[in-house]
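Me: I've got a model open and want to go through how its features get their labels. Can you take me through it?

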Amino acid sequence: MATPRFVPELSRLPAPLLAAASAVGAQAQQAYAATALARRVALAREVIPVEHERGKPRLLRLLGEAEALLEPVRRPRRKLAIPASENPQVVMMLPGFATHPVRMRYLARQLEAAGHCVKRWGLGFNWGPNEESFAAMEARLLDLHARYGRKVVLVGWSLGGLYGRELAKRQPQAVAKVVTMGSPFSGSPRANNVWRAYQFITGHSVDAPPIEAKLSAKPPVETVAFWSPNDGAIAPRCAAGRPGERDRAVALRCTHMGFTYDPQVIMTLLRELEGTPA
């Protein structure tokens, strides 16, 4: 037999107690509304017109990103014939949103095996842009340019590609080429499956970043956009861009996570580096 539960009837409580409880509740709501958490939750739940998300990958594509879980099993069996480069480059890798440079380490090692000098961005996890982190990226780029006495190739995955484009606009004399991989620099910034998580984590809207940027404007250096119709996170059209927003768009068959390890991506990137002017 279930133990009976005592539930007080609010209507029978004394009026002063009801008023006090209501006041406490109102104060708690006001206090929560003023917190950073409440603001981030509101950003994540933002109501937008349907057309702003048009073109984003369907749920099945997003679920396909789970393929990355098989990568540790596949990698030891993978044999890649990495050709030695006749035109070694200095490369700066820029990781995607909420990822660490370790996520791009496998890709970096394949480039190094070909003879390229690959460097991290030096900032750890990528939790979104701000003036301080962007200034550090800019300083890192200029340091590599001065240290090696040559222009640097910027290879950016997802959000990292947007950083690469903006860095090249600010310091074109230090950049040889920008290669973006699944980076949403064109079209609606909400035509993807990650913008709500992005707004919650960063605390700002995707179309109002805390640094000055015009994402679709092409940098004054050679700019190549890798994109994939199998991308489960970013709308393919946003990553491919339009003529005038990049020099070339290269279609690949990989997932969004696959941009960091797929053999097709690796070999295509090696060819891009080989064709970069010294």
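Me: What follows α6, and what is its phi like?
Reply: G149 comes after α6, and its phi is positive, near 65°. Keep in mind that this is a predicted model, where local features need pLDDT of at least 70, side-chain atom pairs count only at pLDDT 80 or more, and totals for chains, interfaces and linings use all residues. Residues are numbered from 1 along each chain as its sequence is written, and side-chain values use heavy atoms, leaving out hydrogens and water.

Me: Why is α6 called a helix, and how does its span compare with the expected one?
Reply: Helices are DSSP runs (H or I, at least four residues), numbered from the N terminus, and α6 has 18 residues, 131-148. The expected span is 1.5 Å times one less than the number of residues; α6 reaches 26 Å from first C-alpha to last, close to the 26 Å expected.

Me: Which residues of α6 are called buried?
Reply: S133, F134, M137, E138, L141 and L144, because buried means under 20% relative accessible area (exposed is over 50%, partly exposed in between; 1.4 Å probe, protein chains only).

Me: What makes N130 a cap for α6?
Reply: A side-chain oxygen of N130 lies 3.1 Å from the backbone nitrogen of E132, at the N-terminal end of α6. A polar contact is a pair of N or O atoms within 3.5 Å; within protein, one must be able to donate a hydrogen and the other to accept it, and residues adjacent in sequence count only if both atoms are side-chain atoms.

Notes. Helices (H or I, at least four residues) and strands (E, at least two) are DSSP runs, numbered from the N terminus.
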